[in-house]
Amino acid sequence: MSRTLRIATRKSMLAMWQAEHIKARLEQLHDDLTVELLPMSTRGDVILDTPLAKIGGKGLFVKELEVAMLEGKADLAVHSMKDLPVEFPPGLELFGICEREDPRDAFVSNHYARLDDLPEGAVVGTCSLRRKCQLLAHYPHLVIRDLRGNVQTRLRKLDEGEFDAIILAASGLVRLELTDRIKERIDVERCLPANGQGVLGIECRSDDPETKALLAPLTCPDTRSCVLAERAMNRRLQGGCQVPIGAYAELHGDQLHLRGLVGRPDGSEIVEGEIQGHRDDAEALGAELADYLLARGAGKILQDVYAENELQS
Ligand SMILES: NCc1[nH]cc(CCC(=O)O)c1CC(=O)O
């Protein structure tokens, strides 16, 4: 029986690449399946002049896609897991979690080979409070400036000389075949990634078993365990995507090792911790690590960050 699936997607090059990638994999897996893309604009794409942390609102980039699925105009959406809110609207769920690519942040510069080489006062572009916090904690001599836009826009601003360097997810650059722009992959000890970084997630309607059956083979069980732990930590911390929270899990056999971090955007305080346990307890481990961080002052830091965002908006 032939079937057609429609993927709702943002129109940025990275989002389109990701949707095309899942389309190709699905069509390869299933004979007689046709996959079409439904490109859409989201609020996050339209509001380009305000730092994301100030616009706030969870899921700025996903709401329109979700409406399209609920209205039956599309069957699935492909997301960067790190941009996905931890909760889903009724009727929709996270069904597929694909194999993780490089989770690290990448150092991109036209003049410097490594983060360590940046001189006093060098200007680094990022709008991620997580990156800002960790960069300033390790390199207090740097100046961090907001940098927004899709990957191409950010690279253009670097090339125009507005910044000495910028930080982007390595995975996004790799997907766009811009690997040669990566000067250094920053180890997770210096910059703990965002939960779900480097992972594609697939969202679909909860009551759509046919789509789910087609999507099932895309899930990577190892990545899924890691991402469940990372997201459980963020959920317990009640962190949206615009907060200085890092979460990164790795598997060693069946042992899951999760690291977490909450920090002040200026790098003046970082609360961090790690936990290890069986992968079957991934979500419980995430929640437990969140409680550990909360007991050490993470809640106060997050409260202050949220209050600051309120004030500026
Ligand atoms: N917030 C934007 C965004 N969302 C996902 C990625 C990269 C790909 C990924 O993490 O899977 C990026 C770009 C970036 O942070 O440099």
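Let's start with Asn234, which is buried, with a relative accessible area of 3%. By buried I mean under 20% relative accessible area, with exposed being over 50% and partly exposed in between, using a 1.4 Å probe and protein chains only. Asn234 sits in helix 9, residues 221-237. Helices here are DSSP runs of H or I with at least four residues, strands are runs of E with at least two, and both are numbered from the N terminus. From Asn234 to Pro89 the C-alpha atoms are 17 Å apart in space, and the two residues are 145 apart in sequence.

A quick word on what we are looking at: this is a predicted model, where local features need pLDDT of at least 70, side-chain atom pairs count only at pLDDT 80 or more, and totals for chains, interfaces and linings use all residues. Residues are numbered from 1 along each chain as its sequence is written, and side-chain values use heavy atoms, with hydrogens and water left out.

Helix 9 also holds Thr223, and that residue counts as buried at 7% relative accessibility. A polar atom of the Thr223 side chain lies 3.0 Å from the backbone nitrogen of Arg100. For polar contacts, think of a pair of N or O atoms within 3.5 Å; within protein, one must be able to donate a hydrogen and the other to accept it, and residues adjacent in sequence count only if both atoms are side-chain atoms. Setting aside residues up to four places away in sequence, Thr223 touches Ile97, Cys98, Glu99, Arg100 and Val199, where contact means heavy atoms within 4.5 Å.

Now to the ligand. Around the ligand we find, among others, Ser80, Lys82, Asp83, Arg131, Ala169, Gln197 and Val199; a residue is near a molecule if one of its heavy atoms lies within 4 Å of it. The shell divides into 3 nonpolar, 5 polar and 4 charged residues. In that count, Ala, Val, Leu, Ile, Met, Phe, Trp, Tyr, Cys and Pro are nonpolar, Asp, Glu, Lys and Arg are charged, and the others, Gly among them, are polar. Helix 7 gives the most to the shell, with 3 residues. Strand 8 (165-169) and helix 7 (170-175) each supply at least two.

Which domains give residues to this shell? Domain 1 (1-98 + 199-219) and domain 2 (105-185) both do, so the ligand lies between them. Those bounds come from an automatic or database domain assignment.

A ligand oxygen is 3.1 Å from an N or O atom in the side chain of Arg131, and an oxygen of the ligand is 2.8 Å from a polar backbone atom of Ala169. The protein covers 87% of the 390 Å² of accessible area that the ligand has on its own, by the Shrake-Rupley method with a 1.4 Å probe.

Gln197 is buried at 0% relative accessible area, and a polar atom of its side chain lies 3.0 Å from the backbone oxygen of Pro103. Beyond neighbours within four places in sequence, the contacts of Gln197 include Lys82, Arg131 and Ala169.

Last, a backbone detail: Glu177 is not a glycine, yet has a positive phi of about 55°. Glu177 is in the loop between helix 7 and strand 9, and is exposed at 68%.
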